Amino acid sequence: MASLRGTVASKGIAFGHAYKLSIPDLSFEQRTITRVEEEMNRLQQAVRKAREEIKLIRQQVAKKQGEEHASIFDSHLLMLDDPYYMGTIEEIVAKERVNVESALVKVTELLISTFKQLNNLYIRERISDIQDVVDRILAHLLGKSLPNISLIQQETIIVAPDLKPSETVQIDKDYVQGFVTENGGKTSHAAIIARSMEISAIVGAKGATEKIKHGDYLIIDGINGIVIVNPCAKTIETYKKRKKLLHASSKQLTSFKNIMTKTVDHRMVDLHANINHINDVERALENGSDGIGLFRSEYLFMESSRFPTEEEQFTVYTNVLQQMYDKPVVIRTLDIGGDKQLPYYSLPKETNPFLGMRSIRFTLKEKALFLTQLRALLRASPYGDLKIMFPMIATLDELREAKTLLEQVKTDLKKEKIPFNDNIEIGIMIETPAAAFASDIFADEVDFFSIGTNDLIQYTFAIDRMNENVSHLYDPLHPAILRLMKHVLMTAERYGKWVKVCGEMASDERAIPILIGLGLTSFSMDPSAILSVRRLVNTLSQEKMKAIAKEALKRKTSKEVEQLLIEYRLIDAK
Ligand code: PEP
Ligand code: MG
C-alpha cells in the first residue's frame with residue numbers, strides 16, 4: 001500500500017480502479033518481413049479493434065454532447081474503411097518488405113504533408129484527426145491501447161499528467177469517481193469543473209503517473225489530499241465509513257436551503273452561483289442560490305463542434321433566465337484562451353497563453369463573433385434580470401471598445417424593432433492588477449464589478465494558476481491580495497456601484513470572515529459550496545469581522561493572517 005500527496009481540488013472520498021490517461025510510448029523498430037499476409041492480418045485486427053473503440057467513443061460523445069459533436073468520429077471511421085489508404089499500406093509492405101507499423105507511418109506522413117500544403121483551414125485542421133486514428137491503430141499493433149475518457153465504462157479514477165477542460169467535460173459521472181493529476185492548480189479550470197460535477201479530485205500529485213499503474217485500486221482522500229494505492233481491506237473499510245459520515249453531514253446542510261443569509265448583526269448577504277452549463281441551473285436552485293453570479297458562457301462554445309449560432313446562444317441564455325425567473329443572472333462574454341481551448345478553432349500558439357490572446361482581447365479581435373454573442377444576449381434580456389459582464393479587462397480602452405460594440409448592436413436591434421432591455425447593467429471582471437488599482441477609472445463607466453480572484457491572484461503574484469511548482473504562492477490570504485480587495489471594495493462603495501467576488505476565494509472559508517469585514521455582501525461560487533457558506537456567514541458578526549479585517553490588513557504574511565483567524569477561532573489550528 002503506497003500513498004501520494006497532492007492538493008485537494010474537489011473535496012470528497014472516492015474509490016475506483018486507476019484509468020491512466022497518459023499516451024503510451026508508440027515507438028517501434030522498422031523490421032524486414034517475409035510474410036506479407038501475416039502483416040496484413042495484424043493490420044486488419046488492429047483496425048477492427050480501433051473501429052470498435054471509435055464506435056464506442058462516438059456513441060458516448062453523442063449521448064453526452066449531442067449528435068453533432070459525435071459526427072467528428074464518422075470521418076475517423078471513414079478513414080479506417082478507405083480502400084485507397086489501406087491498399088497503399090499493403091503495397092508498401094509487399095514492395096519494401098517492411099513491417100506494417102513502418103508502412104502505416106510512411107503512408108500517413110505522406111498524407112499529412114499533402115494536407116499541410118493545402119490552403120484550406122478546414123482540411124489542415126483534420127490533420128489532428130488523422131493522427132488520432134493512426135495512433136489508435138498503432139497502439140493496437142504494439143499491443144497497447146490508447147486511452148479515451150469516453151471509453152471508460154466502469155468505476156474509475158482517472159490518473160493523468162494533466163486534464164484539459166475540454167477533456168473534463170467528457171467525463172461521465174456514472175463511471176468516473178474522481179481524478180488525480182500530476183499538474184494543475186486548485187483554480188485550474190479542470191479543478192473548477194470537478195467541483196461543479198461534485199467528483200473528488202487531487203491535483204499536483206507528483207509522481208502519480210509513474211507510481212500508479214493502470215488498473216491499480218485507488219482511494220482518493222479528498223479531505224487531506226492523499227491518494228492511496230492498492231489499500232488493504234481495513235483501510236478501505238475505514239474510508240467507506242468516512243464517506244458515509246461526510247454524506248450525512250452534507251445532508252444536514254439542506255436545512256440552510258430556504259433561509260436567508262444574514263450575519264448575526266443582521267447584515268444581508270447574497271450568495272450566487274457560478275455555472276458553466278445550462279444543466280447547472282438546477283444545482284444552483286437546489287442549493288438555494290440568490291441568482292447566477294457568473295455564467296461562464298465559454299463552455300457553451302467549448303462543448304460545441306463549431307461556433308454556436310446567435311439562435312443557439314439566444315435559446316441557452318433565455319432558458320437560463322427563465323429558469324432563474326426574477327433572480328439576477330450575470331452572463332460573462334466569451335472568456336476563451338489560457339487553458340480553455342476550442343476544438344474547432346486554433347488559437348495562436350503562444351509561450352505564455354495566460355498572458356496572451358485570451359478573453360476580451362480575443363473577442364475584440366474577432367469582432368464578428370463578439371457581435372453575435374452580444375446580439376444573442378441583448379435579445380435574451382427581456383426574459384429575466386440579465387446583466388452582461390466583460391472578462392479580463394485591463395484598460396479603459398478595452399471597456400470602451402466593448403461598450404461601443406454593444407451600442408452598435410443596440411442600434412441594429414432598434415432598427416429591426418427587436419425588443420431588448422436598453423438599461424441592461426454592464427460590469428467588468430476585476431482580474432488584472434491594472435483593473436484593481438485603477439478601479440476608480442472604470443467605476444464611472446460600469447454598473448458593477450465582479451472580482452475574479454482566480455486570475456487576480458495569478459496575475460498579482462505572477463504565477464501560472466496551472467503550475468503546481470509555484471502553487472505555494474497562490475495565496476488569497478496574502479496581504480497584497482487583501483489590500484487589493486479592500487481597494488476595489490472601497491472604490492465600489494465610493495462610486496455607489498455593486499460589487500461581487502466570483503473567484504474561488506468567495507467560497508474559501510478562511511477568507512470569508514475577512515471579506516465580510518471588508519464590507520463584501522455578495523459572493524458567487526460553485527452551487528455545491530452555497531449551503532456551507534451560508535451556515536458560516538450566519539454565525540459571523542459584521543462588526544466583529546470589520547475589526548478582524550482591519551487587523552488582518554496590518555499583518556505582513558498570510559501565515560500571520562491565518563494565525564489571527566486561529567486566535568479568533570474562525571479557523572482551526574492545523
Ligand atoms: C476568476 O478568474 O476568478 C474567474 C472567476 O474566472 P475563471 O476562473 O473562469 O477564469
Ligand atoms: Mg478568470
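1. Arg400 has a relative accessibility of 40% and therefore counts as partly exposed; buried means under 20% relative accessible area, exposed over 50%, and partly exposed in between, with a 1.4 Å probe and protein chains only. The side chain of Arg400 meets that of Glu445 in a salt bridge at 2.6 Å, N to O. A salt bridge here is a side-chain nitrogen of Lys or Arg within 4 Å of a carboxyl oxygen of Asp or Glu. Arg400 belongs to helix H17 and Glu445 to the loop between H19 and strand S14 (448-451), so the pair ties together parts that are 45 residues apart in sequence. Helices (H or I, at least four residues) and strands (E, at least two) are DSSP runs, numbered from the N terminus.

2. Basis of the values. This is a predicted model, in which local features need pLDDT of at least 70 and side-chain atom pairs count only at pLDDT 80 or more, while totals for chains, interfaces and linings use all residues. Residues are numbered from 1 along each chain as its sequence is written, chains are lettered from A and ligands numbered from 1 in the order in which they are written, and side-chain values use heavy atoms, with hydrogens and water left out.

3. Helix H17. This helix covers residues 396-415, and its 20 residues should span 28 Å at 1.5 Å a residue; the end C-alpha atoms are 29 Å apart, which agrees. The expected span is 1.5 Å times one less than the number of residues. Buried positions in H17 are Leu396, Glu398, Leu399, Ala402, Leu405, Leu406, Val409, Lys410 and Leu413. An α-helix has 3.6 residues a turn, so residues three or four places apart point the same way. The cover over the buried residues of H17 includes helices H15 (360-365), H16 (367-380) and H19 (439-443), together with strands S12 (385-390) and S13 (425-430).

4. Helix H21. The 17 residues of H21 (residues 479-495) reach 24 Å from first C-alpha to last, close to the 24 Å expected at 1.5 Å a residue. Pro479, Ile481, Leu482, Leu484, Met485, Val488, Leu489, Thr491 and Ala492 are buried in this helix. Gly496 follows H21 with a positive phi, near 65 degrees.

5. Salt bridges. The whole structure holds 38 salt bridges. In one of them, Lys340 pairs with Glu298, the closest N and O atoms being 2.8 Å apart. Lys340 sits in the loop between strand S11 (328-332) and H15, and Glu298 in helix H13 (residues 298-302), so this pair ties together parts that are 42 residues apart in sequence. Both Lys340 and Glu298 are buried. Another salt bridge joins Glu551 and Arg555, with 3.2 Å between the closest N and O atoms. Glu551 counts as partly exposed because its relative accessibility is 26%, while Arg555, at 18%, counts as buried. Shared partners link Glu298, Arg332, Asp335, Lys340, Arg358, Asp455 and Arg465 into one network of salt bridges.

6. Ligand 1. The ligand is surrounded by 15 residues, of which Arg296, Arg332, Gly452, Asn454 and Arg465 are the closest; a residue is near a molecule if one of its heavy atoms lies within 4 Å of it. A polar side-chain atom of Arg332 is 2.8 Å from an oxygen atom of ligand 1. For Glu431, a polar side-chain atom lies 2.9 Å from an oxygen atom of the ligand. Asn454 places a backbone N or O atom 2.8 Å from an oxygen atom of ligand 1. A polar contact is a pair of N or O atoms within 3.5 Å; within protein, one must be able to donate a hydrogen and the other to accept it, and residues adjacent in sequence count only if both atoms are side-chain atoms.

7. Arg534. This residue lies in helix H23 (residues 530-537). Arg534 is buried yet has no salt bridge, and the nearest side chain of opposite charge, Asp290, is 4.0 Å away. Lys and Arg count as positive and Asp and Glu as negative; His and the chain ends are not counted. The side chain of Arg534 does reach the backbone oxygen of Phe256, at 2.8 Å. Beyond its neighbours within four places in sequence, Arg534 has contacts (heavy atoms within 4.5 Å) that include Phe256, Lys257, Asn287 and Asp290.

8. Gly178. Strand S5 (residues 176-181) contains Gly178, which counts as buried because its relative accessibility is 0%. The C-alpha atoms of Gly178 and Ile220 are separated by 7.5 Å, although the two are 42 residues apart along the chain.
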